[in-house]
Amino acid sequence: MATVQSASPRLIRRTALAIGTLVAIVVTFAAIRVVVDWPHISSGTPPDDDFAERYVEHPVLAYSHIAPGVIYLLGAPFQLSRRFRTRHYDVHRRLGRILLTCALVSGVFALLFGIPLAWGGALEAAATVVFGIWFLACLFIAFSAIRRDEVSRHRRWMIRAFAVSIGIGTIRIWVGIFEGVEQAISRGTSPATPDPVMFGIAFWLAFVMHVAIGEWWLRRTPDLAG
Ligand code: HEM
């Protein structure tokens with residue numbers, strides 16, 4: 001059996017920094033989406049790239065995923081902080097209902113947008129099915145656990161849900177790495193162009209990494225700590 005230890009303050013600080021960085025990346029890309037898409041959505045003009053086209057043509061599907069997802073990602077770190085939970089238990093409960101609703105809506109629309117309209121093709125669509133359903137399943141199990149007062153089980157499944165959702169920031173890091181490698185190989189002679197296959201691979205790499213990190217964190221921290 002693995003030895004269960006509590007997370008050291010240094011590990012908690014590093015984790016908080018990593019989470020802060022990933023949330024900042026996601027919020028930045030969500031803001032870029034709004035800036036790029038909004039003029040086209042409001043004027044009814046098509047954008048000139050096929051990536052943005054889907055967001056402009058299906059704003060309800062796209063933004064019903066992005067907007068509640070951003071609210072969830074901004075609020076969830078507080079919910080997962082032991083200090084916040086113990087000091088503000090009432091806020092934790094009330095905020096929890098709002099964030100859970102946001103996460104469920106975002107997860108359902110990830111499937112509705114990401115499966116039929118995947119820019120990264122079958123690879124991205126398949127990753128969306130697997131990890132989108134995993135995200136929703138974690139939320140459902142976490143909710144049913146707390147309804148039965150199973151606090152420790154609730155914590156474990158909420159950590160799993162958050163770990164996979166924050167993978168959306170790591171996708172962008174992988175896309176950046178792929179573009180950097182492509183530029184280095186072409187010695188800067190061709191501009192880095194986003195590639196649908198690379199985008200699909202980035203989905204798989206990021207989400208698998210995040211599910212694994214979530215499991216590692218759960219083994220590393222004892223029940224209700226960290
Ligand atoms: C809950 C937190 C989440 C937030 C804040 C979020 C945010 C975003 C943002 C900002 C985009 C636009 C991407 C861009 O323009 O660069 C996006 C797209 C997308 N997200 Fe999420 N997301 C979240 C969770 C998830 C989850 C759990 C999945 C399931 C696998 C998912 C699947 C997708 C898909 C398939 C797309 C479309 C990518 C494309 O353009 O083809 N997201 N999301």
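**Close-up views of charged and polar side chains**

View 1. At 26% relative accessibility, Glu215 counts as partly exposed. The model shown here, as in every view below, is a predicted one. Glu215 meets the side chain of Arg160 in a salt bridge, with N and O 2.7 Å apart. This pair ties together distant parts of the chain, since Glu215 belongs to helix 9 (residues 196-220) and Arg160 to helix 7 (residues 151-165), 55 residues apart. Arg160 is buried, its relative accessible area being 15%.

**View 2. Arg33 and Asp37 within helix 1.** Here the closest N and O atoms of the salt bridge between Arg33 and Asp37 are 2.9 Å apart. The two are separated by about one helical turn, because they sit 4 residues apart in helix 1 (residues 9-43). Both Arg33 and Asp37 are buried.

**View 3. Arg153 with Glu150.** Take a look at the salt bridge joining these side chains, at 3.1 Å from N to O. Arg153 is partly exposed at 30% relative accessibility, and Glu150 is partly exposed with a relative accessible area of 30%. The model has 3 salt bridges in total.

View 4. Helix 5 (residues 89-114) contributes the most, with 3 residues. Arg94 lies in helix 5 and is exposed, with a relative accessible area of 56%.

**View 5. Gln79 reaching a backbone oxygen.** Gln79 sits in helix 3 (residues 59-80) and is buried, at 9% relative accessible area. A polar atom of the Gln79 side chain lies 2.8 Å from the backbone oxygen of His92.

Definitions and conventions: Residues numbered from 1 in each chain as written. Predicted model: local features only at pLDDT ≥ 70, side-chain atom pairs only at ≥ 80, totals over all residues. Heavy atoms only, no water. Buried < 20%, exposed > 50% of the residue type's maximum accessible area, 1.4 Å probe, protein only. Polar contact = N/O pair within 3.5 Å; in protein donor to acceptor, adjacent residues only side chain to side chain. Salt bridge = Lys/Arg side-chain N within 4 Å of Asp/Glu carboxyl O.
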